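Look over the sequence and the fold, then read the points below.

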Amino acid sequence: METQSPQTVVASTSPRFTLDRLQRVLPRLVTYVLLILIAAISLFPLYWLFNTALTPATSTVKLPPDVIPANATLQNFVDIWRLPGLGKLRIGGEPTGIVMSRMLLWFLNTLFIAAFSTGVHLLFDSMAGYAFAKRKFPGSNLFFYLILAALMIPGQVTLVPLYIMMTKLRFINSYVGVILPGLADVIGIFLLKQYIQTLPRELEEAARMDGASEWQTYARIIVPLSAPAMGVTAIFAFQRYWNAFLWPLVILQSPDLFTLQVGLSFIHTSEFGTNYGLLMAGAALAAVPMIIFFFAFQKYFMQGLRIGAVKG
Amino acid sequence: MRKLISPAIAGRPRLSPGAQALRFWHRHKWSYFFVAPSMILFSVFIFYPVLQAFVLAFQKVDLRGGKWVGLKNFVDVFASPLFRASMQHTLLYALFVVLAWITTSMIVAALIQPLSNKLQALFRGAFYLPNVTSVIIISLVWIWIFEPDYGFFNYLLSLVGIPRVLWLQNPDIALWSIVLSTVLIVPGSGVVLYSAAIGSIPRDYYEAAEVEGASWAAKLIHITFPLLKPTTLYLSVIYTIAGFQIFERVYIMTGGGPINSTMTIVQLVFQTAFSDFNYGRASAEALILFAIIAIFSFIQFKFLSTDVEY
């Protein structure tokens, strides 16, 4: 056997090591390397966002770029607070005397729109979800299928008619115009209906026998018990409003009323549009709340995704 | 008609129509109260505007009102070279993005499957993270990465001696740069859903196949792929819809340029409506998009539907 392969020799001399072991470790090693590589590419834009935001403006336009923020500074964040100018806080459409940085203004505007809309969603979606899940009434199936059918309609189809409607109602350049049309969204109703269906019927019946009114049954029994589904609904709604762009862009005209996303596109087309350190600092400020949100409620994000997929 | 009333119903005390209505109201008023806010919102802000879109598409519209023009808007849209170019760009974008997203998310899900639960959760989180920030933010970063003089991509190319590329300024390249910016981020939704689907495939299927001596590839083709079909169908439908609706990326990164080389349908709808103020034509364009999305979803259901249960 002069053609004995080198592997067999090695394997027979030290069976505990080398090829045998390598064969077991190698696939795992390749898996890790591949996964880390793909994850690094996927996460690179986010990394580059924060890297540039923390790099001094003078170091942004140089070669080679700083791949890690060597002279990290918060100067861009200070500048983004100042440079887009000042604006007046408006309450109920009327400018108040309160003057502040536009960036802060956009932050507060977005927070208000997202929080208010999310609150309304929780109320209306849980009411409808409860009715569809637990109450038999003429038209319930028709109503539910109509709402599901709305899922298939792309937002671009209703864009122009809604814009004309908002113009006629004089809701252009107002938060009423931004918030109202977005409230017709099916995801929350669907999530809550699916969840409330799983609650035992006895609970409601017991409440009714104790003399609770229909509203009390909903408010004191159904709402507290559907807290997990409410959480998922709230997260998805808040994320949707926080990241919304096209509709606020179409409706809002005064920079003082802008949301963060619209404000960022406004800075991008302004004189500061090529100051990437500044732009990235602004983008980072808009991204951080969602990132924190994600780390805090990761479980709910994943759950919502799976419940959402069931309907497909 | 009276004669047709069955004895069973006729035997009950006859209520006047008014009393019947009152009883109906008392029995169901709370149900209608609970669904009313949502039904009103959907009617006013979705169903009515959709009908309105069909009306507008056959009209010449300004803010004072509309004038019927028949099929003129549709004829104009189909005759427009810009619309055909937008359609072509949108189709290319959607095709490449759907294929890439389905492939990469399936590969990633398959790769994380053998890991411990903790590591799986960590990787799922890492892949989902870029998806929680807005497309606007991600697009602004890509503009910076694509920047001709100091951008990261041209820096990487310079390391291997390739001269700078005008990623977003060259009309032959710009659309592909936008595709690249989309496919380089693995979609978290795909990873999470594929990972759940792979996890629920019973182990004994693979064990049985191994007993029969099936190769790694055979197991993939005969067990994994067929059982992942429902997930693949769902993801390919939602990714196709998302692909056809591409707007924010284009709006921020190129605005449809240079020389309309990245014009997509929604960007065109946006410009027709809010730069040209041609509401009728914009509605026609949006309805054509709607029809295309419906057709593609239908085709995918036709080809990928399955009644696999496990």
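A residue is buried if 20 or more other C-beta atoms lie within 10 Å of its own, exposed if 12 or fewer, and partly exposed in between, with C-beta atoms placed from the backbone. This is a predicted model, in which local features need pLDDT of at least 70 and side-chain atom pairs count only at pLDDT 80 or more, while totals for chains, interfaces and linings use all residues. Residues are numbered from 1 along each chain as its sequence is written, and chains are lettered from A and ligands numbered from 1 in the order in which they are written.

**Backbone exceptions**

- Most residues other than glycine have a negative phi, and most peptide bonds are trans.
- N260(B) has a positive phi, near 60 degrees. N260(B) counts as partly exposed because it has 17 C-beta neighbours inside 10 Å.
- N260(B) sits in the loop between α13 and α14 of chain B. Helices are DSSP runs (H or I, at least four residues), numbered from the N terminus.
- The loop between α13 (248-253) and α14 (265-274) of chain B also holds P258(B). A cis peptide bond joins P258(B) to G257(B), with omega about -15 degrees.
- In chain A, N173(A) has a positive phi near 60 degrees. N173(A) lies in the loop between α7 (155-168) and α8 (175-182).
- N173(A) is partly exposed, with 14 other C-beta atoms within 10 Å.

- Helix α2 of chain B (residues 17-56) has 40 residues, but its end C-alpha atoms are only 41 Å apart. A straight helix would reach 58 Å, taking 1.5 Å times one less than the number of residues.
- α2(B) bends by about 55 degrees at H28(B). The bend is the angle between axes fitted to the seven residues ending there and the seven starting there.
- Buried residues in α2(B) include F34(B), F42(B), F45(B) and P49(B).

**Domains of chain A**

- The domain assignment, automatic or from a database, gives domain 1 (6-53) and domain 2 (87-310).
- Their centres, taken over C-alpha atoms, are 43 Å apart.
- Four residues of domain 1 are in contact with seven of domain 2. Contact requires C-beta atoms, placed from the backbone, within 7 Å.

**Contact between the chains**

- Chain A gives 73 residues to the contact and chain B gives 70.
- On the chain A side, helix α2 (residues 18-53) gives the most, with 13 residues.

Note on methods: Helix = DSSP H or I, 4+ residues; strand = E, 2+ residues; numbered from the N terminus. Contact = placed C-beta atoms within 7 Å.
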